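User: I'm new to reading protein models and would like a close look at one spot in the second chain. Could you take me through it, and then show me what surrounds it?

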Amino acid sequence: MPVELLNIEGLWVRYNAAEVLRQISFRVNSGDYVGIVGPNGSGKSTLIKAALGLVGAESGKITLFGAPLDRFTDWRRIGYLPQRLRFFNPNFPATVEEIVGLGLLAGRRLPRKLTLEDRQTIEKTLELMGITDIRKRIIGELSGGQQQRVLLARAVVGGPELLILDEPTTALDPETRERFYSLLSNLNKEHGATVILVTHDTSSIGTYASRFIYVDKEIIFDGTFDDFCHSEEMTNLFGEYAQHLICHRH
Amino acid sequence: MGIGEILSFGFIQRALIAGTLIAVLCSVLGVFLVLRRLSLIGDGLAHVTFGSVALSLIMGVNPLYVTVAAIPLVMLSSLGILKLTEKARIYGDAAIGIVSSLGIAGGIVLASVAGGFNVDLFSYLFGNILAVGNTDMIIAAILFAVVLLAVTFFYRDLFAITFDEDLAQCSGIRTTTINTVLVLMTALTVVLAMKVVGIMLISALLILPAVSALQVARSFKATIIASCCFAMVSVMIGIFGSFIMNLPTGGFIVLVNFMLFLLAFAWKYMRKSRI
């Protein structure tokens, strides 16, 4: 039976006077593969950050794994890949291995030392992501696509139950993007990971995600991709042409 | 004069020991501070120390204990820098600038109000590494042990917040606590080491070895180790060199550090052009 992993009720977020999100409510259960799409500036990334407590909400209730966000401590159950690192310094002197190892800190007691078993887990994750050959390279020397894979490896290395990915494929070439989506699909289907994916790439949402949420400051649509494509309400809202563009790119 | 003969002087031995201990802890803290764009925090907190020492003297604290009396105010100021960057959304360098100018201005005004002090207030800003006494050495050793233990204990957390605070927060790391630990360790180092080696040297040891290490190191751990090595080598060459050439030791150590940075930079440039 599916378990509720994330529940957002009546979320409002404002930056100064500007309203970024209004009255957002949705729930994500175990096993879901949720695609969140919307135009630029629609508040998709803010929604994810608010769900993780990285952005303050004006009002609303957020629970993660049944616990209110401000009391949630079991971070090893969540893997997060941001759209871009807020503090990223291209000269940061850390190797791929060291960065991936950061994904194993959650839930550990200080000084959070890595064990031999952790090293093997890192090894397997590097293999899974196809980045074993660049393990000793400094992150700033890598291409955008390689950096993205390293950060995804950091997000999945701890075997999280809930993966939250914000525009993970922007720096990837089409071939790597396809591999990336199959990998996510595999993590969802074979390893039971729940996925929340924020993206512009509606074609992949249609192919892989079990649920489609269209956000434009508020939730415009929440259902399956097919329902979206056949919804008369959405045709009225977007117009036939725009709906066709979203739905028939895959 | 040979190295053996120079080493036979007690003041050289004390300078080498205290200098090396302070160099190691400044260079370790420096890696985190430089990467977090808080390089100038050493300078800023030294100016606050200057103001705090003036305040202690005006309050009638025995000149022997004014440095210790300055600790709480300097620590509070380091937290002030942190809060300004976090809450007021001011860049780190601007926050340091605010606290720094406030510290030095406060010191000058207090000195003027008191009509001068019996001790030279400016001697607290410019320590002398060759005048290190046994008490200074003990202070340096205790400081070294406390800061190194704290860095070892919080190493992975410090690494995580230095890489990216948001990601660290989503790993359950209390970023505010770790930031607080980092600035408090820096404050303690600045205030206690300042009288021993002088602010010019502390500030240089916080920045230059870390920046040199960033040119050559190929991992985060290696950066910290390289930073320590650069700092230790510069202190040793600086003490021996300045003694032989009869030059000011603090300034000479800073110049050696700069030379090492140039060498590291040249090495990085040559390595890149070979690839």
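Analyst: Let's start with B:Met59, which counts as exposed because it has 10 C-beta neighbours inside 10 Å. The cut-offs go like this: a residue is buried if 20 or more other C-beta atoms lie within 10 Å of its own, exposed if 12 or fewer, and partly exposed in between, with C-beta atoms placed from the backbone. Keep in mind that this is a predicted model, where local features need pLDDT of at least 70 and side-chain atom pairs count only at pLDDT 80 or more, while totals for chains, interfaces and linings use all residues. As for the labels, residues are numbered from 1 along each chain as its sequence is written, and chains are lettered from A and ligands numbered from 1 in the order in which they are written.

So where does B:Met59 sit? You'll find B:Met59 in the loop between α3 (41-58) and α4 (66-86) of chain B. Helices (H or I, at least four residues) and strands (E, at least two) are DSSP runs, numbered from the N terminus.

Chain B has 12 helices and 0 strands. Its radius of gyration is 19 Å, close to the 19 Å that the globule rule gives for 275 residues, so chain B is as compact as a globular protein of that length. That radius is taken over C-alpha atoms, and the rule is 2.2 Å times the number of residues to the power 0.38. Along the principal axes, the C-alpha atoms of chain B fill a box of roughly 65 × 55 × 30 Å. While B:Met59 is exposed, 51% of the 275 residues of chain B count as buried.

Contacts tell you about the fold too. Two residues are in contact if their C-beta atoms, placed from the backbone, lie within 7 Å. In chain B, 76% of the contacts with a separation of 6 or more are between residues 24 or more positions apart.

Finally, there's the partner chain. Chain A gives 27 residues to the contact and chain B gives 24 residues. On the chain A side, β6 (78-81) and α2 (96-101) are the elements that give two or more residues. That side has 19 nonpolar, 5 polar and 3 charged residues. Here Ala, Val, Leu, Ile, Met, Phe, Trp, Tyr, Cys and Pro count as nonpolar, Asp, Glu, Lys and Arg as charged, and the others, Gly among them, as polar.
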